[in-house]
Amino acid sequence: MKQVDKNKFSFSDQVLGEELIFLLTALNISKAGLTITDCSQPDDPIVYCNKAFENLTGYSREEIIGHNCRFLQGNDDNRQEREVIKNTLHAGEECTIEIRNYKKNGSLFWNELHLKPIKDDLGKLLYYVGVQNDITRQKLADQQLRIERLKVEKQVLGHTYNFIENNNLLNTFLETVNESILILSRDLKILKVNTSFLKTFHIAEDEVLNQYLFEIDHCRWDLMNLRSLLDQHHVNDSILEDVVTRVGKKMLKVKISQIFLEKELNIILAIEDITELKEIDRRKDDFLNVASHELKTPLTTIMACIQLTQRMIPKEADDKLKDTLTKAKEHIDKLEHLISDLLDVSKIKTGKIELSKGAFNLDAMVFHVADQLRKAHSNYTINISGYASNYYVGDKQRLEQVVLHLLKNSIKYTPSGGNINIHLSRLSDFIKVSITDYGLGVDYQHQKKIFENFFRVDEVQKQYPGIGIGLYISDQIVKNHGGTLWVESAAGEGATFSFTLPLKFKNDDKENTDL
Amino acid sequence: MIKKILICDDDEGILDITGLLLESYGYQVTLEPDSSLLIPRIRSEKPDLLIIDIWMPILMGDEIVRILKKDEETAGIPVIMFSASRESKRIASEVGADDYIAKPFNIEDLTNKIRALE
């Protein structure tokens, strides 16, 4: 095959040339997962992945580009394997290794990873190609064999214990749990029901026992989404909204699992009534929305009063008096931001966050935000390297909010001061912004949770004030632009918060004209 | 040149103090807390600029601006909308307001915006 000219194989610019299209199509047909990482960028981000890699890992391309490959390792130590990979990359060599990786849904898969470097004529390392094969099945077959052997040994020892025969245990269990539970036959006839179900839905036992699920209570349970849920032959759960029952409209969380009882396939239906929970949640959001709006009204008056006083104050007045007013104004600004954040949370929860999109210079925006913070925090050195985009279409104000929040976070959790490094890059048709600090860091167990609303790490809570919504809002803003935000960190070793944004994101949002 | 400014807000605290602030910059300011009386007042007073809140009882600010901008007699009066919610920016642009400022506001930002409309 003719070798592809590396100038043609540019991931940054619009790809031209049939040869490359054929090549990319071939790569997408491949059963093996393929990735290409860019060694010229810090932390070797992925700049290309094929379809098979998305299928293999369960992540979409938007969630993959810009990450380092280790995002598949979860919290797994994999120490030996990591060492091999590290040494291979360091030496610019080739290697094949079997490593435990994790899909997006958290399930484990064994990855047979082949790494091969791409170098230029002078031997300078440009890219690494990773070929990944899922060898979980082979691995599991080996394991299964070992388990079977153990089982046989156990049976020989006479330690089998049959739970099913113990009807008492089953009944006690059914009456202990809070959920309403139905045990159904394969053809959906109700075999067993617990008191919680009868009480919650005001039905007598003889109205349901030995009846078909979809026929009870005048076919009220014959619901499209319940049917489709039952059609799927594995453990599944779903939220059913507006289910009309004898006791009014309900919102139900339904979980379905299957079990073999006395050699027959049975279906267990667990139903949780979450109507009230949802109502409380809704009321909380309404409250947040109204409260934050109402709080801003007196704040506007106070702010205006201070500004008027500042204007009326004689020039020869004491500097202390002037400083006091400036401080008061600064703190009102802080309070205003806090209230705005609360308002944002309520909007996100009710799906009302709106993007006002327009073209702007993203790099300049990052420089501007960094400049603002440099002035107020002289004991920190904020460095910026690389470039991302001087023409990005998105909500400038919102993305500024994200960068500002991430930088403020870095400053807050690096109490001793020091370096904070921002790196801007363009990877394939994405831009990436990374902010690295050398402060407290985030323990692995909290790395997903910190993006949830009102979450604060317990041990940090006491020392560092905050209400735990900044990262939640930032994450939602990035998501609304079709991008991803994540953290890589170890406790005590600082943290790198990165986000990627696709350059060609299209959704239903109207482009609002900037005033 | 903008000299006469009419401000409309149902919160009289905000109304008074914003008026005083703008007066300190030399503007002639008149105030209207009742949005339902605003349109006839604009027709008789003919201000050089209208600053108007969005969320008000009886007649909302966006409805008023929509009416003013459709009427030949009043369409030429510049309008700045001010409100505490972020969506107001979108609302202001939809109804054809000339500019928008978020509450709480910085008086320099407001006076800059006024000057830009001259």
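1. The contact between the two chains draws 20 residues from chain B and 19 residues from chain A; here two residues are in contact if their C-beta atoms, placed from the backbone, lie within 7 Å. On the chain B side, α1 (12-23), α5 (88-95) and β5 (99-102) each supply at least two residues. The largest share, six residues, comes from α1(B).

2. Please keep in mind that this is a predicted model: local features need pLDDT of at least 70 and side-chain atom pairs count only at pLDDT 80 or more, while totals for chains, interfaces and linings use all residues. Residues are numbered from 1 along each chain as its sequence is written, with chains lettered from A and ligands numbered from 1 in the order in which they are written.

3. Chain B has six helices and five strands, taken as DSSP runs (helices H or I, at least four residues; strands E, at least two) numbered from the N terminus. Their order from the N terminus is β-α-β-α-β-α-α-β-α-β-α. Of the 118 residues in chain B, 41% are buried, meaning that 20 or more other C-beta atoms lie within 10 Å of the residue's own.

Technical notes: A residue is buried if 20 or more other C-beta atoms lie within 10 Å of its own, exposed if 12 or fewer, and partly exposed in between; C-beta atoms are placed from the backbone.
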